[in-house]
Every structure is written in C-alpha cells, then in structure tokens.
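Please read the numbered points below alongside the sequence and the model.

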Amino acid sequence: MFEPILLKNINTHDSHRIDVYLKNGGYQALAAALKMQPDGIIQTVKDSGLRGRGGAGFPTGLKWSFIPKDPTIPKYLCCNADEGEPGTFKDRVIIEKDPHQLIEGMIITCCAIGAKVAYIYIRGEFVFGAERLKTAIDEAYQKGYLGKNILGSNFNCDIYIHKGAGAYICGEETALLESIEGRRGRPRIKPPFPALAGLYAKPTVINNVETLSCISHIVNRGAKWFASIGPEKSPGPKLFGVSGHVNKPGMYELPMGTTAREIIYNHAGGIRDSRKLKAFIPGGVSAPMLTERDLDTPMDFDSLAAKGTMLGSGGIIVMDETACIVKVAMRTMGFFRHESCGKCTPCREGTDWTYKVLQRIERGEGKEGDVELLEKLCGNIFGRTFCPLGDGAVMALRGALKHFRDEFAYHVKNKRCMG
Amino acid sequence: MLSDKSKEEIKRVLNKYPNKRSAAMDALRIAQNETGCLSGDVMQEVAGILGMPAPQVNEVAAFYTMYNKKPVGKYHIQVCTNVSCSLLGAEHIVEFLSRKLGIKKGETTPDKKVTLSVVECLGSCGTAPMMQINDDYYEDLTDEKIEEILSKLP
Ligand SMILES: Cc1cc2nc3c(=O)[nH]c(=O)nc-3n(C[C@H](O)[C@H](O)[C@H](O)COP(=O)(O)O)c2cc1C
Ligand code: SF4
Ligand code: FES
C-alpha cells in the first residue's frame with residue numbers, strides 16, 4: 001500500500017491549523033532550506049525529477065534555474081490556485097485541509113529563487129479556501145515563518161492572496177499575471193517568458209499548488225527518495241481526482257504512473273451499478289478521452305502523451321455506457337466557448353461555431369455533413385490560436401470524434417442517441 | 001456612495017501591491033459585497049479611489065463573470081452543469097430548482113430573494129452534482145437535499 005504524502009494529514013482533526021502542522025513535523029524543511037544555498041535547493045528539486053502538476057509537466061527545478069541571480073532585481077513567485085479545469089478538484093483539498101504544506105513550499109521556493117514577495121492566485125469561488133489560506137498565512141507570520149528575518153536567517157518573505165473573479169483563462173500563466181496586474185485576463189505573447197519578464201515585468205516563477213506542496217517533502221526526505229516513487233521520467237506522488245460514473249468518486253493520492261484501471265477499479269470502486277466503462281478523460285476536459293482499451297496506460301506525463309492525450313491535472317472523468325458522447329462533447333465545447341477570452345478569432349469564432357453544430361446534433365437537428373464540418377472546423381482552429389486554450393478545445397473534440405465517430409454520425413442520421 | 005468601511009477595506013488591500021491598479025479586482029469585489037451589483041456609479045467611485053480611468057475599471061468588471069452587472073437576489077444559486085456534474089444529473093437539478101422556485105435559469109424571483117444561474121465547473125466534481133449559494137458550496141445534491149436547503153434559506 002502506498003503511504004500518502006500530500007494527503008497524509010488531511011483527516012487529522014484541525015489539520016489546517018499551524019499547531020497541528022508543526023506537531024507533524026511542519027516547517028522543519030523551511031529551517032533546513034534556510035541553511036542551504038539557494039542553488040543547492042534548486043539542484044535538489046532538479047534531482048528529484050519533480051515536474052509541474054498544473055498540466056504541462058515542466059521540470060520544476062529547471063524552471064526555477066531560469067530566474068536571473070542578480071540580487072538587485074525584484075523577483076516574484078505566483079502560486080496558481082485558479083483550479084478551473086473541469087474534472088479537477090485537487091488543489092482545493094490541499095488549500096482547505098493542509099494550507100501550511102503549500103505555504104511552507106512557497107517560502108522555500110521564494111528562498112531558492114530569491115523572491116521576497118509571493119502571490120497566491122485563487123479562484124474567486126473558493127471563498128472558504130481563501131479564508132483558510134488567510135488564517136494560515138496569519139499564523140505563519142505570528143510564528144515567524146513569514147515576514148522579516150525568518151528564523152533569524154535575514155531572509156524576508158511576504159505572501160499575499162489575490163482572488164480571481166470567474167475566468168478559467170486566468171489559469172494560463174500569463175493571463176494570471178495580467179489579472180494580478182488589474183487587467184482583463186488575456187494571455188500575453190511569449191517571449192518574453194515570465195522567468196525573465198513576468199509579474200510587473202520582473203522575473204517570475206508560476207507554479208501550481210500541488211507542485212509547491214511537494215517541495216517541503218523533497219527537502220525533508222531528499223531528492224533520491226522522491227525520484228524513487230513512480231516512473232523515472234515523471235516521479236513522485238500524484239493526486240488523482242475521480243468523478244463521474246464510479247462508485248466512490250473522490251481524491252486518491254498514488255504514485256505517478258499508476259494505471260487508470262487500478263485507479264478507477266481498485267480505488268474509486270469501479271463503475272456504478274456494475275455497468276461497463278465507455279470512456280474516460282484522464283486529466284480534465286482538455287485532455288482527449290480514452291476508452292477501455294487504454295485502461296492499462298500508466299497515468300504519467302509521457303505515457304499519456306504517447307496515447308495522444310495528456311495527464312493534465314489528473315482529474316479523471318469516468319463515463320459508463322449510458323453516457324452520450326455527443327452531449328459530453330457539446331458540454332465541453334460549450335465550456336471552451338464560454339471561457340475563450342476573445343483575443344484571437346480562430347478560438348473565439350471557432351469554439352462558438354463548433355458549439356452550435358454540436359448543439360444541433362445533440363438536439364436531433366443535425367444536418368448531413370455535420371461530422372465532416374466539425375472536423376474541418378477543428379482544422380481551422382488547431383495551431384492558429386494565441387494560447388493553448390483553443391488547441392485544448394480542438395484536442396478534446398478530436399478525441400471524442402476519434403473514438404466515437406459512429407455515435408456522432410448516428411445522432412445526425414437518426415436524430416437521437418444510440419443507446 | 002460606498003461606505004467608509006468599504007473605502008477603508010479598499011485602502012488596506014492597496015498594501016499588497018506595488019501599484020494601485022492591481023487592487024482593482026479586490027476593490028470591485030469589496031464594492032459589490034456592499035452594493036450587490038456594480039452600477040456605473042459604483043465603478044466610477046472605485047476608479048476614483050484607485051486613480052484609474054473609469055473605462056479601465058469597467059473593462060475589468062465586464063471581463064470577469066463574478067462581477068454582477070445586473071442586480072441579483074439575496075441568494076444567488078449557481079448550479080454547475082459542466083461534464084462531471086452533467087453526468088450525474090445537473091440538468092435535473094436545474095429543472096428541479098426551476099420548478100421549486102418558479103423561475104427559469106438566469107431569472108430572479110419576483111420578491112428578489114433568489115436568482116438561479118448555471119455556471120461552469122466549480123472545482124467540486126468529486127461531489128457532483130453541486131451548487132453554490134452565495135459563498136457556500138452544497139454538494140452531492142439530491143431532490144430531498146435541495147428541498148431542505150431551500151426551506152432553510154432565511
Ligand atoms: C487555458 C489554461 C488554463 C490553465 N489553468 C491552470 C490552472 O487552473 N491551474 C494551474 O496550476 N495551471 C493551469 N494552467 C497551466 C499554467 O499555464 C502553468 O503551466 C502552470 O501553472 C505552471 O505550474 P507548474 O509548472 O507547477 O505546473 C493552465 C493553462 C492553460 C493554457
Ligand atoms: S486561444 Fe482563446 S483563450 Fe487563448 S488567447 Fe486566443 S481567444 Fe484567448
Ligand atoms: S464539473 Fe461540476 S464542479 Fe466540476
């Protein structure tokens with residue numbers, strides 16, 4: 001049995017309080033990190049093999065090493081807690097149940113990259129989570145883990161909360177920066193990359209909540225230990241959120257690379273009402289869906305990429321045979337249409353048009369040639385958008401069409417579901 | 001006019017940032033908490049406090065969905081209808097609420113007590129179907145649970 005690391009304490013009474021966190025060994029990693037050279041911390045995180053849990057799987061230590069070393073330039077850390085990818089509910093668990101784990105990771109990260117100020121960008125709907133974070137930050141100041149001269153080390157660090165206000169696109173890192181700067185959340189052109197010119201045009205690291213929550217454990221238990229969990233190229237523990245047609249939906253922490261079959265059947269209790277699995281989305285709705293044939297795929301960045309999909313956020317959405325794939329595709333495209341920031345035409349117009357075609361197919365008003373039209377529209381969007389949202393929308397739809405083209409065609413012809 | 005309390009609160013959040021503009025989102029939220037919705041006058045006042053041109057503030061308010069540009073009821077019910085919730089009956093939840101409240105989605109009851117909206121994923125997919133009423137999440141919804149929740153709204 002895998003012993004949980006990130007979720008170890010979430011069922012402890014008052015797990016969000018600093019005294020409970022301290023009793024369980026909290027803030028020891030910070031004390032250790034403050035005695036290390038910043039480069040030593042970065043090297044440890046590099047050696048651990050940690051890759052970003054926000055979706056793209058970028059090596060975390062490498063990302064940090066891009067930050068210029070010049071101590072006269074202010075630098076920033078932004079924690080991405082915008083958690084909006086449908087099917088994803090992992091960061092919320094950490095924020096509500098073990099906020100100090102995140103805060104400790106953030107302070108260590110600031111120390112490594114030389115940032116004195118960090119922001120947590122939390123989606124506006126997480127009102128309770130933001131309160132929990134606020135209280136935890138206050139506690140950390142009181143105990144001297146935040147503020148000036150932390151643990152007598154001469155290191156200063158402040159963490160502030162920035163609340164979003166309902167815009168999925170602000171999870172995209174440059175849109176997030178725009179939003180902190182008090183603008184509409186529209187992605188920026190890259191380069192310059194945030195590591196050189198990010199928040200307020202200063203060097204900035206943006207990391208996901210789960211990524212930052214791994215840091216104290218890596219410092220405490222060593223890079224080797226972390227690297228030994230799961231596959232060599234994407235090691236560590238991973239939070240898998242399972243939702244949809246399973247008996248036990250919920251959050252499961254398992255080694256990266258655990259198969260979808262094991263997660264869905266052994267941990268999430270299998271398909272409800274003893275039905276058959278029809279499809280599953282491995283990592284939030286942007287990740288193209290897979291079918292029963294792919295159940296033995298290890299859930300890690302590289303194995304899923306090899307299957308033409310992605311680990312994304314690790315939010316697994318399970319569909320049994322009663323699910324209508326046309327409806328799922330329609331709902332998914334409706335989401336992207338709603339969340340398109342409108343900056344570029346292929347995404348803005350393309351998601352709108354595709355959504356309308358999907359809507360009419362779903363309503364039983366599909367026209368001959370609609371499936372081909374969808375494919376053509378995908379081709380007109382893909383690779384022509386400013387940020388990955390547009391491509392994500394296309395990939396999701398293409399995934400559905402790839403495995404269930406017959407079902408779309410049946411819908412168009414017979415004006416109803418196959419089932 | 002915003003109350004002194006809200007103005008004080010806005011001044012306090014300015015400390016978090018190196019410039020005033022960054023406080024625009026917080027300021028709009030603070031203003032909305034007091035006034036319920038962001039009228040042109042309210043946004044003008046926020047712009048004044050932040051020393052920003054009013055169109056810049058309006059642009060921010062228009063972009064983010066949580067800023068109410070129209071008045072909403074005392075209770076704002078927002079039902080997630082994204083994929084995970086939809087698979088477990090979100091449409092039924094919307095219909096059920098609609099029937100109980102006698103309003104369609106997007107509408108407010110005549111007594112201005114309740115507004116019913118449908119929204120995108122709220123990050124609670126493992127406890128679907130779910131809804132948010134003002135700041136609070138209500139998860140694993142059933143008809144009975146909804147009836148109870150509605151009956152307890154003061
Ligand atoms: C449309 C879009 C939405 C995103 N939403 C999130 C999000 O909600 N949370 C997150 O951590 N990363 C999100 N990302 C990824 C971020 O851009 C960024 O890669 C990530 O926060 C980096 O952190 P990591 O290296 O720790 O993974 C999103 C990306 C895109 C393109
Ligand atoms: S791809 Fe879509 S979300 Fe991204 S910048 Fe273009 S319009 Fe905005
Ligand atoms: S899909 Fe409904 S909360 Fe995520």
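1. Chain B contains seven helices and four strands; helices (H or I, at least four residues) and strands (E, at least two) are DSSP runs numbered from the N terminus. Read from the N terminus, the order of elements in chain B is α-α-α-α-β-α-α-β-β-β-α. Along the principal axes, the C-alpha atoms of chain B occupy a box of roughly 50 × 35 × 25 Å.

2. On conventions, this is a predicted model in which local features need pLDDT of at least 70 and side-chain atom pairs count only at pLDDT 80 or more, while totals for chains, interfaces and linings use all residues. Residues are numbered from 1 along each chain as its sequence is written, chains are lettered from A and ligands numbered from 1 in the order in which they are written, and side-chain values use heavy atoms, with hydrogens and water left out.

3. Chain B is assigned domain 1 (4–63) and domain 2 (75–151), with bounds taken from an automatic or database domain assignment. The C-alpha centres of these two domains of chain B are 29 Å apart.

4. Ligand 1 is surrounded by 18 residues, the closest being A:Gly54, A:Lys63, A:Asn80, A:Asn208 and A:Thr211; a residue is near a molecule if one of its heavy atoms lies within 4 Å of it. The shell around ligand 1 divides into six charged, eight polar and four nonpolar residues. In this division, Ala, Val, Leu, Ile, Met, Phe, Trp, Tyr, Cys and Pro count as nonpolar, Asp, Glu, Lys and Arg as charged, and the others, Gly among them, as polar.

5. Which elements supply the shell around ligand 1? At least two of its residues come from each of β4 (204–208) and α16 (388–414) of chain A. The largest share, three residues, belongs to β4(A).

6. Several polar contacts (pairs of N or O atoms within 3.5 Å) involve ligand 1. An oxygen atom of ligand 1 lies 2.9 Å from a polar side-chain atom of A:Asn80, and a nitrogen atom of ligand 1 lies 3.2 Å from a backbone N or O atom of A:Gly171. A polar backbone atom of A:Glu173 is 3.0 Å from an oxygen atom of ligand 1. Taken alone, ligand 1 exposes 610 Å², of which the protein buries 89%; the areas come from the Shrake-Rupley method with a 1.4 Å probe.

7. Ligand 2 has 13 residues around it, and A:Cys341, A:Lys343, A:Cys344, A:Cys347 and A:Cys387 come nearest. The shell around ligand 2 consists of eight nonpolar residues, four polar and one charged.

8. Most residues other than glycine have a negative phi, and most peptide bonds are trans. A:Pro191 and A:Pro192 are joined by a cis peptide bond with omega of about 5°, and A:Pro192 lies in the loop between α8 (173–180) and β4 of chain A. A:Ala201 is also placed in the loop between α8 and β4 of chain A, and this residue has a positive phi of about 65° although it is not a glycine.

9. In chain B, the peptide bond from B:Ala128 to B:Pro129 is cis, with omega near -10°. B:Pro129 belongs to the loop between β2 (114–119) and β3 (131–133) of chain B.

Key:
Polar contact = N/O pair within 3.5 Å; in protein donor to acceptor, adjacent residues only side chain to side chain.
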